[in-house]
Amino acid sequence: MADSIVQVRELVRTYQQGQIEVNALRGVDLDISTGEFTALMGPSGSGKTTLLNQIGALDTPTSGSVKIDGQELVGLDKVARSNLRLNRIGFVFQAYNLIPVLSAYENAEFVLMMRGVPEAERRDKVMATLGAVGLAGMEHRLPGELSGGQQQRVAVARAIVGEPALVLADEPTANLDSKTGYELLDLMRKLNEDHRVTFVFATHDPKVMEAARRVVTLVDGRISEDLVK
C-alpha cells in the first residue's frame, strides 16, 4: 500500500522456552495504513503481543521484514531502533509502565526531555496533552496517588505528547473497569479521528474490538481473519 505506515512481510519469530521451540509468528504479512484504528485479537499465545513488539522495534524477528514509514527495521542497531521508538512510535502498556517517583507531568514530559525539546515548549505540550486526556489539575500527582484509569491516561498522554505517527497499545483496557475502558477508547478514537494518529491494539477486550475499524485475528502465529468494518 502506498500510504502504509506499517509493512510486515513473511515475519517469523521463533524462540526457546526451556527445551521447547516456540513458533510465535509463522510467516505473517500485514499492511497498516496511516490513520487506521486496528485491533489485533486472538487467544493467549496467538502471537499478537509478539507482533506488536516487532512493529514497535522492541524485538527482532527470526526472519522476514518489518518497515515503518518505509524504513526497514531489520538490521538497525540498538541506537537506531531506540531513536525510531523515541521519535516515531508511542507505546501504551497494560501495566502502565509509569515511573513511580515522577509526577503525572514529569512522566508525560519524559519523551520530550529525551528529544531535547526546550522547557517552555515542553510545558505547553504537556499541559495541553494532560488537559486533553482529562487530567487537568492532576499534573503534580504521583502514579500512586492516581486511580488505575488515571494512570492509564497518563500513559496515553506520554504516548501521544510527542505527536507520534503510530501508537501501539498492548491490552490498554485490561486493568480498567468497563466505564473507564470506554472513556479511554473514546479518547483514543478522538485522537485518531482529529489528528490521524494510527493506533494498533493487541487485545482480548470486546470493547476494543467493537471500537476498532479493522480487526486482525491471529491463531497459532498466523493471521486467520482480517475484517474491515
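## Sheet and helix packing in a predicted model

In strand β8, Ala202 is the bridge partner of Leu40. The model is predicted, so local features need pLDDT of at least 70 and side-chain atom pairs count only at pLDDT 80 or more, whereas totals for chains, interfaces and linings use all residues. Residues are numbered from 1 along each chain as its sequence is written, and side-chain values use heavy atoms, with hydrogens and water left out.

Helices (H or I, at least four residues) and strands (E, at least two) are DSSP runs, numbered from the N terminus. Two strands pair if DSSP finds at least two bridges between them.

**The sheet.** Six strands, in the order β6-β7-β8-β3-β9-β10, make up an open sheet with mixed pairing. At its edges lie β6 (89-92) and β10 (222-228), each of which pairs on one side only. On average, neighbouring strands are turned by 15° against each other, direction ignored.

| Strands | Sense | Bridges |
|---|---|---|
| β3 (residues 37-41) and β8 (residues 198-203) | parallel | five bridges |
| β3 and β9 | parallel | four bridges |
| β9 and β10 | antiparallel | six bridges |

Thr217 of β9 is the bridge partner of Met41, and the bridge partner of Thr217 in β10 is Glu225. Strands β9 and β10 form a hairpin with two residues between them, and Asp220 in the turn has a positive phi of about 55°. Strand β9 (residues 214-219) is largely enclosed by the rest of the structure, because five of its six residues are buried (under 20% relative accessible area, with a 1.4 Å probe and protein chains only).

**The helices.** Angles run from 0 to 180 degrees between N-to-C directions, and axes are lines fitted to C-alpha atoms, for helices over the stretch in contact. Contact means heavy atoms within 4.5 Å. Helix α5 lies across β6 and β7 (166-170), running at about 170° to β6. Helix α6 packs on the sheet and touches β3 and β8, its direction making about 150° with that of β8.

Helix α5 (residues 148-160) and helix α6 (residues 178-195) pack at an angle of about 15°, with their axes 10 Å apart. The two helices are therefore roughly parallel to each other (a term for angles under 35 degrees). Gly149, Gln152, Arg153, Val156 and Ile160 in α5 meet residues of α6, including Leu184, Leu187 and Leu191.

Conventions
Angles under 35 degrees count as roughly parallel, over 145 as roughly antiparallel, 65 to 115 as roughly perpendicular and the rest as oblique. Buried means under 20% relative accessible area, exposed over 50%, partly exposed in between (1.4 Å probe, protein chains only).
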